[in-house]
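Have the model open as you read.

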Amino acid sequence: MIRFFVDFDGTVTTEDVVDLVLDRFAAAEWKSVEKEWAEGKIGSRECLSRQVALVRAGREDMEKLLSEVRIDPYFQEFLRTASAFAIPVAIVSDGFDKVIHEILRRSVAPLLLEKLPVFCNRLEWNGERPTALFAGDGTCAHGCANCKPAVIDSLRKPGDFVLFAGDGLSDRFAAETADLTFAKDKLLGFCRERGLRHTEYKNFNDLIRWMRSGDFSLVQAGHAARV
Ligand SMILES: [Mg+2]
Ligand SMILES: [Zn+2]
């Protein structure tokens with residue numbers, strides 16, 4: 001079976017919502033923590049727990065900010081197309097449940113959301129202080145908050161062909177485990193550098209076109225021949 005895994009921040013949404021929240025509600029120090037993570041000095045687990053500790057915002061403040069967030073205009077159509085081809089789609093994110101569910105609830109039809117599992121971290125509030133609760137057990141080699149390749153590998157069945165779509169450095173380990181990655185922005189550079197099997201994309205319309213194209217049938221045929 002072909003399975004699609006999709007990053008959330010900067011992939012489903014047009015901007016990185018975690019960065020947006022930090023920019024609005026965290027002490028400026030969050031940027032130096034981000035730099036340590038981008039340079040590979042710390043994993044996303046340490047990065048996010050230090051950054052969330054710098055946030056001062058109630059749940060309502062955050063929900064208000066989320067109303068400004070836009071998603072890729074083709075994301076719903078992408079879900080419909082994948083469903084028509086019987087390709088399961090899952091979101092795998094190092095972001096937070098309340099944020100992701102709130103944005104999806106506003107932008108995607110309930111029938112499509114029912115079929116869209118979301119694997120991510122959690123946020124809980126104590127007044128103005130949110131706390132991060134991480135999905136992973138903290139044992140992965142990358143120091144992830146929510147280890148994307150571990151999620152993918154836990155759902156992948158023998159013979160599956162795994163597609164992944166993402167945009168950033170938090171997707172690099174997922175791209176290493178996927179059979180084919182749709183990449184843009186920083187993830188595109190990483191896939192090129194590492195020689196990973198990838199296709200450049202701009203938005204979900206490119207993925208819809210790919211599913212409707214011959215390339216897709218070729219993958220399916222090649223896949224069927226292999227299993
Ligand atoms: Mg991203
Ligand atoms: Zn990991």
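In this predicted model, the second largest pocket has 17 lining residues, and those nearest its centre are W37, S44, H142, R172 and F173. Two elements, α8 (148-155) and α9 (172-177), each give two or more residues to that lining. The largest share comes from α9, with 3 residues. By class, the lining splits into 7 nonpolar, 6 polar and 4 charged residues, around a space of about 160 Å³.

While we're on α9, have a look at T177, which sits in that helix. T177 has a relative accessibility of 17%, so it counts as buried, the limit being under 20%. Leaving out residues up to four places away in sequence, T177 touches P149, I152, D153 and R156.

H142 turns up again at the zinc ion (ligand 2). The protein donors there are C140 (SG), H142 (ND1), C144 (SG) and C147 (SG), at 2.1 to 2.4 Å from the ion. Along the chain, these donors of the zinc ion follow the spacing C-x1-H-x1-C-x2-C. What is the geometry of the site of the zinc ion? It's tetrahedral, with angles of 103 to 118 degrees among the 4 donor atoms. For reference, the ideal angle for four tetrahedral donors is 109.5 degrees. Is C147 buried or exposed? C147 is buried, at a relative accessible area of 9%, while H142 is partly exposed, at 30%.

Now for the other metal, the magnesium ion (ligand 1). Its protein donors are D7 (OD), D9 (O) and D167 (OD), lying 2.1 to 2.2 Å from the ion. Their spacing along the chain is D-x1-D-x157-D.

Next, the largest pocket, with a volume of about 480 Å³. It has 24 lining residues, and D16, D19, E34, W37 and S170 are the closest to its centre. At least two lining residues come from each of α1 (17-25), α2 (30-38), α3 (44-52), β2 (89-96) and α10 (185-194). Which element gives the largest share of this lining? That's α3, with 4 residues. The lining has 11 charged, 7 polar and 6 nonpolar residues.

| Cavity | Volume |
|---|---|
| Largest cavity | about 120 Å³ |
| Second largest cavity | about 40 Å³ |

The largest cavity has 13 lining residues, with V18, V21, V52, F96 and L123 nearest its centre. Both α1 and α3 supply at least two residues of its lining, and α1 gives the most, with 4 residues. This lining is made up of 12 nonpolar residues and 1 polar one, with no charged residues.

Around the second largest cavity you'll find R59, M62, E63, L66, K98, V99, E102 and W125. Here α4 (59-66) and α6 (97-107) are the elements that give two or more residues, with α4 giving the most, 4 residues. By class, this lining has 4 nonpolar and 4 charged residues, and no polar ones.

Note on methods. Residues numbered from 1 in each chain as written. Chains lettered and ligands numbered in written order. Predicted model: local features only at pLDDT ≥ 70, side-chain atom pairs only at ≥ 80, totals over all residues. Heavy atoms only, no water. Donors = N, O, S within 2.8 Å, 3.2 Å for Na, K, Ca; no water. Tetrahedral: all angles 85-135°; square planar, octahedral: opposite > 155°, others 65-115°. Buried < 20%, exposed > 50% of the residue type's maximum accessible area, 1.4 Å probe, protein only. 1 Å grid on protein atoms, 1.4 Å probe; cavity = no way out; pocket = protein on both sides within 12 Å on 5 of 7 lines; lining within 4 Å. Points joined across faces, edges and corners; volume = space filled by probe spheres on them. Nonpolar A, V, L, I, M, F, W, Y, C, P; charged D, E, K, R; others polar. Contact = heavy atoms within 4.5 Å.
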